[in-house]
Amino acid sequence: MIKVKQLQRKTKKISAIAQYKDLSIQFSLDGFSFCISNSDNKAPLLFTKYIFAASITSPELLLEEIIRIFNTDKDLQQDFSSVFAIHQNNLATLVPNKLFDRNNLAPYLKYTVKTLKTDFITYDLHDIIAANTVYIPYVNINNYLFQNFGEFEYKHHSTVLIDKLLSYSQENSDQQFFVHVSPNDIDIVVCKEGKLIFYNSFSYSTKEDFIYYILFTSEQLQMDPNSFQLTFIGDIEKDSELYTITYTYVRNIHFMNPVDNFFADNNDFSNHSNFILIT
């Protein structure tokens with residue numbers, strides 16, 4: 001099943017009923033999504049996405065919206081075998097193991113993220129590469145989830161994205177250029193045969209910003225826009241201005257085609273959307 005709300009809500013649901021269910025949620029200042037899946041076979045049963053208005057500008061306002069959703073959405077008002085939360089923000093950096101000190105995390109962020117002394121900084125271990133994502137989670141939302149569900153697991157969205165794409169690309173000998181699109185940010189992941197070559201996230205406000213970061217990355221990696229294949233994931237469609245301007249400069253573009261076609265024949269979502277939470 002699928003649900004979107006301005007606060008706009010979209011939902012997809014399937015008829016299968018599971019006795020034991022897992023809950024996965026993903027949130028950012030742009031929106032809130034959740035997926036309920038069968039605990040036994042991990043098959044998705046329900047997906048819901050809320051799209052926020054532009055007034056969500058802080059973790060405090062985000063928490064208010066999430067509390068409102070939990071108080072009104074009956075699908076969230078049930079027992080779950082496990083809960084997994086994904087923090088989506090640009091308050092993160094990737095650190096190789098050989099440079100990593102888990103007891104001194106703040107210096108990793110100070111050149112790329114504006115931090116406060118009171119910020120809680122944590123890290124995720126990656127499953128495939130010898131690296132860690134150091135980031136600032138939304139602690140207020142973690143506290144709210146703990147009050148509702150007790151212990152739960154959480155990670156940064158880039159950790160999940162990188163590990164999934166590396167696993168996806170393990171058997172491919174070509175260098176792969178992935179662009180994960182969100183309303184105000186993009187993540188660029190370049191990998192080959194399960195090895196990470198490049199990762200970074202960029203904020204954009206115009207289509208010119210958007211294509212600049214793609215072309216800048218390809219130039220730094222000496223990848224010819226007329227030759228390499230760019231794979232889009234996330235909030236982008238072929239009729240969008242972001243796709244149009246990208247196709248002006250990059251000739252080989254396609255959309256991610258995940259193995260799980262949960263969104264097949266759905267009018268609200270494309271198969272390449274919501275890759276982090278669903279696939």
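**Exercise 1: The buried side of H6**

In this predicted model, helix H6 has the buried residues Leu242, Tyr243, Ile245 and Thr246. Determine which elements cover the buried residues of H6.

Solution. The cover includes helix H5 together with strand E10 (176-181), strand E13 (229-234) and strand E14 (252-255).

**Exercise 2: The packing of H5 on H6**

Classify the arrangement of H5 and H6, and describe their contact.

Solution. 
1. Helix H5 spans residues 207-220 and helix H6 residues 241-249; their axes lie 9 Å apart and form an angle of about 40 degrees.
2. H5 is therefore oblique to H6.
3. The crossing of H5 past H6 is right-handed.
4. From H5, the residues Lys207, Glu208, Phe210, Ile211, Ile214 and Leu215 take part; they meet Glu241, Leu242, Ile245, Thr246 and Tyr249 of H6.
5. By class, the residues of this contact comprise seven nonpolar, one polar and three charged.

**Exercise 3: The setting of Pro137**

Solution. 
1. Pro137 is placed in the loop between strand E8 (131-135) and helix H3 (139-149).
2. Apart from neighbours within four places in sequence, Pro137 has contacts with His87, Phe120, Thr122, Asn142 and Tyr154.
3. Ile121 is 16 residues from Pro137 in sequence, and the C-alpha to C-alpha separation of the two is 7.1 Å.

Technical notes. Residues are numbered from 1 along each chain as its sequence is written. This is a predicted model: local features need pLDDT of at least 70, side-chain atom pairs count only at pLDDT 80 or more; totals for chains, interfaces and linings use all residues. Side-chain values use heavy atoms; hydrogens and water are left out. Axes are lines fitted to C-alpha atoms, for helices over the stretch in contact, and angles run from 0 to 180 degrees between N-to-C directions. Helices (H or I, at least four residues) and strands (E, at least two) are DSSP runs, numbered from the N terminus. Angles under 35 degrees count as roughly parallel, over 145 as roughly antiparallel, 65 to 115 as roughly perpendicular and the rest as oblique. A crossing is left-handed if the near helix is turned anticlockwise from the far one by less than a right angle, and right-handed if clockwise. Contact means heavy atoms within 4.5 Å. Ala, Val, Leu, Ile, Met, Phe, Trp, Tyr, Cys and Pro count as nonpolar, Asp, Glu, Lys and Arg as charged, and the others, Gly among them, as polar. Buried means under 20% relative accessible area, exposed over 50%, partly exposed in between (1.4 Å probe, protein chains only).
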